[in-house]
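Here is a friendly tour of one model, with the cut-offs spelled out as we go.

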Amino acid sequence: MGQPYTTAIGYFMGVALSLFSPMPEPALAQSTWQNPPDPIATFLDTPALPRTQISPDHQWMVKLEHPPLPSIAELARPRVQVAGIQLDPATRGPALEYAYRQLTLRHLATGKEQTVALPDQARVRNLMWSPSGRYLAFTLTQPEGLELWVADVALATAQRLTPPILNATYGNPCDWISEEAGLLCKVVPPNQGLPPAVPTVPNGPRIEQNLGREAPARTYTNLLTNAHDEALFEYYLTSVLEQVTLQGDRIPLTEPMLIDEATPSPNGKWILLETVERPFSYQVPVGLFPRRKAVLDLTGQVVFEVANLPLADSVPVNFDSVRTGRRLVWWRADLPDTLFWVEALDGGDARTAAPVRDQVQQVAAPFTDAPQTLWQTERRYNRITWGDATRALGYEYWHDTRRLRTWLLNPASPETAPVLLDERDAQDDYRDPGRTITATNVYGWHTLLFGPDGNSLYLEGRGASPEGIYPFLDRWDLTTNAKVRLWQSQDPFLERVHYLLDNQAQQFITQRQTTTEPPNYRLYDRETAQSTPLTEFADPLPWFAQVTKEVVRYQRADGLDLFATLYLPPGYDAATDGPLPTVLWVYPQEYKSREAAGQVTASENSFSRPWGYSPLFMLTQGYAVMMGPTMPIIGEGDAAPNDTYLEQLEMSAQAAVDYLVERGVSDRNQIAIGGESYGAFTTANLLAHTDLFRAGVALSGAYNRTLTPFGFQGEQRTFWEAQETYINMSPFTHAAQIKRPLLLIHGAEDDNAGTFPVQSERLYGALRGLGGTVRWVELPFEGHGYRSREAVGHVLWEVTQWLDEYVKGGK
């Protein structure tokens, strides 16, 4: 153990795998991808339920066929990584795009279905309903670029409007102007030429400097690093704005520029254009680069300069801090052509005491009047849901307290004092009143749906309660602030309202599911209490219909109520079959109140089927699986939750294990802990600080918090403000205490802030040097989550092998 040794990590087929026992042994290089045992492998290749969308007029539903898991060859396609973006240089779309294979239209009243004829191997993305729902625009990804297509919904026919020239490298490529005028699109500039060549000889060293200015930044990935990156960024993000009619006519509106997005006004007469400007930054992604926001007419002429925002690389890392200047510029949904925006009055710094944080201003076309102040917020602006000329709902939020306020605003009379309608802890699910239901107006934009009395709104809520999750529909009287329950889901269903078909809420479309029936749309008539099926999707994985699913409740040592969803294999009976090897899959969450932390937010009636590399697949191998055992990290008042992170984490884990053992489901010597991202971080911590688990599985985690010094997860303090917390929370600090086997898996191209692949590599190196039992798997071309069929199958094989050896086998 004390003698130094080195090992060669073999790379073949792009997979780096190393297995070490407690004594030094040669590294094992896996030469090929591995497939998980049956029936997992078969389940991975089973087609998933289709994705669905319903038209604005609620007459049509489009069904989109999910593609199979992509091959590793697709992930290996060349990609350009600049300014926080990953793009496909061949298509001018996002790298690793998720596209659908088939488009089927279903008339909801008759149930008649027609598949839209598209080219073979079609890759459908960016669906956009026209305001009335008569047309459905979308993009098709071809090998050389993205085309714009439009389908006539009633005829179920589609035609191509452009060649493969759309630019979707950043943001949506198109938006509807109107059904008469067509769409507004970003297109690749004609005759652009070849991309900048990679310099064969560097022009000089990379040099950055900071002269006394505070510029904190979280650990972003894929940033600009040199002048060539800047040239690539400009080359691929440069677009020309064009109007594309439904006859395929194209009208150029601008010169080539770095267009972020272009949004027509509700009446289709103006364009809100946002562009990215220099200087660029090597420290923050494109979302924080300088921005210019302007209003154009339909000839492309600038009529109003809205904002010129500087580089936002010095915004404090606190969650309620924002960039200065006019931000969140957008059109009012209830009016034809009125802009509104938000501007910080506290310098954008949440650390600064201020009686007023933000102001909302508005200006109507032709944008020549002085902006009118509509609302000033005491906390940070959250959103506005527009209703009509005299009513809108404004929301403000403050992260440190988790307090969310809802106000009734009068946009036509800003001098009228807003009326406070609701204030609550945003994490208090039991008091969540639900979301306000909207409907499309004459412009096709969504605004509040008022009842026949003109003073009532409708609320659709999740319905969390101590008894379980029972979604509801309420009528909300804005005059009295009283709510009346109109409908609520009942056992054994989990059913939610998706669309109201009239302003009396007499008929509405719901989506209903049970533990054995997948989500399906239904038409509900409140007067007759009749529910009529609109779709009849079948269970794609009926094997899991026999799985026992239960939301279980227990307490930790400090008296806090906890819960988890426990899954048991088909036919299992603890009394006769005895304990099972068990997997706990975890992800902790921070709270500011014990009351909110102890609430039950999972439903026993939901339809749960595994996908990707879900730990639920372990049910097929004879394991019990406890998903999401709550592990609240609470900091009430001025207390920071993470200052007692380890103590609370250990209490929660102990409570979950005690429950499983006392119930007879699990044996203390056959329980594993696992998680992804922050759950992986938690897994390593629990192995370091408890002896509750026989082995661990950690996917795409971060283990050394000194590598994320300007905050992580819910932590807003910097490393220098909370050194002890950062160090104590880091599993890397306590690597010598990790005595149980740990499987580390990480995507080689992880682009999530803070979870660089080096995090797993360094923890592996530490455990190897300390004589631990550890295996490190790096998946080529994969990101924070794993997508290719090869990688997903291999991860499930690794997890199965690891748990069978060290948990089920009791090694």
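## Cavities

On a 1 Å grid over the protein atoms alone, a cavity is a set of points where a 1.4 Å probe fits but cannot get out, and lining residues have an atom within 4 Å of a point. Grid points are joined across faces, edges and corners, and a volume is the space filled by probe spheres set on the points. In this predicted model, a search of the whole structure gives three cavities of 30 Å³ or more. The largest cavity has a volume of about 70 Å³.

Which residues line the largest cavity? Among them are Val-583, Trp-585, Tyr-613, Met-618, Leu-699 and Leu-803. Strand 44 (580–585) and helix 10 (789–808) each contribute at least two lining residues, and helix 10 gives the most, with four. Helices (H or I, at least four residues) and strands (E, at least two) are DSSP runs, numbered from the N terminus.

## Confidence and conventions

The chain averages a pLDDT (the predictor's confidence in each residue, from 0 to 100) of 94, and 96% of the residues score at least 70. Over residues 1–24, pLDDT stays under 50, and the model has 68 contacts beyond four places in sequence for that stretch. Contact means heavy atoms within 4.5 Å.

Because this is a predicted model, local features need pLDDT of at least 70 and side-chain atom pairs count only at pLDDT 80 or more, while totals for chains, interfaces and linings use all residues. Residues are numbered from 1 along each chain as its sequence is written, and side-chain values use heavy atoms, with hydrogens and water left out.

Three strands make an open sheet in the order 5-6-7, with antiparallel pairing; two strands pair if DSSP finds at least two bridges between them. Strand 5 and strand 7 are the edge strands, each pairing on one side only. Helix 3 (residues 227–237) packs on the sheet and touches strand 5 and strand 6. The direction of helix 3 makes about 110° with that of strand 5 (axes are lines fitted to C-alpha atoms, for helices over the stretch in contact, and angles run from 0 to 180 degrees between N-to-C directions).

Strand 5 (residues 80–82) meets strand 6 over three bridges, with Val-80 opposite Leu-87 and Val-82 opposite Ile-85. Their hairpin has two residues between the strands, and Ala-83 in the turn has a positive phi of about 55°. On the other pairing, Leu-87 has Pro-94 of strand 7 as its bridge partner.

Conventions:
On a 1 Å grid over the protein atoms alone, a cavity is a set of points where a 1.4 Å probe fits but cannot get out, and a pocket is an open set with protein on both sides within 12 Å along at least five of seven lines; lining residues have an atom within 4 Å of a point.
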